[in-house]
Amino acid sequence: MDLNLYFKSIIDQDNASVVICNLEHQIIYMNPAAIHSYHKWGGEKLVGKSLMNCHNPQSREMIEKVVGWFQESREHNRIHTFYNEKQVKDVYMVALRDEDGTLLGYYEKHEYRTRDEEPFYKFQ
């Protein structure tokens, strides 16, 4: 069974932005939420471009440090990078590894802290 379709669907249905990068910092995938969130900066046109072009020098340095930390150990897989008070969310960088634990790339994960006020089981 090819699980890739299921994994892609999970990412695509997530309300939080998911931007996946390879080790060269090239954006290789953006889910629909990320395309919408980053539309002012080009949205889906960012795919294939360097993530580093979207960050200031200090942020680029920190991204490089995190990737270096990921490479130091297979145990280093997630690091808290930012808290956005306006959106009440924590932001993490997460390592992407193959079955052998080799680092393939990384992505940014957003975890919102506001309560979802949508009624339970609201069928539309």
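**Note on the pockets and selected residues of a predicted model**

1. The largest pocket of this structure, which is a predicted model, has a volume of about 980 Å³. Its lining is made up of 31 residues, and among these Y38, C54, H55, V91 and E108 are the ones that lie nearest the centre of the pocket. The elements that each give two or more residues to this lining are the strands β1 (19-22), β2 (27-30), β3 (78-84), β4 (89-97) and β5 (103-112), together with the helix α3 (57-72). Sorted by class, the lining of the largest pocket holds 18 nonpolar residues, ten polar residues and three charged residues.

2. By class, the lining of the second largest pocket divides into four nonpolar residues, one polar residue and one charged residue.

3. The C-alpha trace spans about 45 × 40 × 30 Å along its principal axes. Of the 124 residues in the chain, 30% are buried, while the accessible surface of the chain comes to about 9,200 Å², with 53% of that surface belonging to carbon and sulfur atoms. Among the contacts in the chain with a separation of 6 or more, 32% are made by residues 24 or more positions apart.

4. The C-alpha atoms of I20 and D116, which are 96 residues apart along the chain, are separated by 26 Å.

5. H110 has its place in strand β5, and this histidine is buried, with a relative accessible area of 8%. Which side chains make polar contacts with the side chain of H110? One is the side chain of K89, at 2.8 Å, and another is the side chain of E108, at 3.1 Å; E108 is also among the residues that lie nearest the centre of the largest pocket. When neighbours within four places in sequence are left aside, H110 is in contact with A16, S17, Y38, K89, D90 and V91, and among these partners Y38 and V91 likewise lie nearest the centre of the largest pocket.

6. H25 is found in the loop between β1 and β2. Is this residue buried or exposed? At 7% relative accessibility, H25 counts as buried. Its side chain is joined to the side chain of E64 by a polar contact of 3.1 Å, and, not counting residues up to four places away in sequence, H25 touches K49, S50, L51, M52, I63, E64, V67 and Y106.

7. The backbone at two positions deserves a separate remark. Most residues other than glycine have a negative phi. H25, although it is not a glycine, has a positive phi of about 70°, and V88, which is not a glycine either, has a positive phi of about 50°. V88 has its place in the loop between β3 and β4, whereas H25 is found in the loop between β1 and β2. With a relative accessible area of 24%, V88 is partly exposed, while H25 is buried at 7%.

How values were computed:
Residues are numbered from 1 along each chain as its sequence is written. This is a predicted model: local features need pLDDT of at least 70, side-chain atom pairs count only at pLDDT 80 or more; totals for chains, interfaces and linings use all residues. Side-chain values use heavy atoms; hydrogens and water are left out. On a 1 Å grid over the protein atoms alone, a cavity is a set of points where a 1.4 Å probe fits but cannot get out, and a pocket is an open set with protein on both sides within 12 Å along at least five of seven lines; lining residues have an atom within 4 Å of a point. Grid points are joined across faces, edges and corners, and a volume is the space filled by probe spheres set on the points. Helices (H or I, at least four residues) and strands (E, at least two) are DSSP runs, numbered from the N terminus. Ala, Val, Leu, Ile, Met, Phe, Trp, Tyr, Cys and Pro count as nonpolar, Asp, Glu, Lys and Arg as charged, and the others, Gly among them, as polar. Buried means under 20% relative accessible area, exposed over 50%, partly exposed in between (1.4 Å probe, protein chains only). Contact means heavy atoms within 4.5 Å. Accessible areas come from the Shrake-Rupley method with a 1.4 Å probe; for residues, only the protein chains shown count as cover. A polar contact is a pair of N or O atoms within 3.5 Å; within protein, one must be able to donate a hydrogen and the other to accept it, and residues adjacent in sequence count only if both atoms are side-chain atoms.
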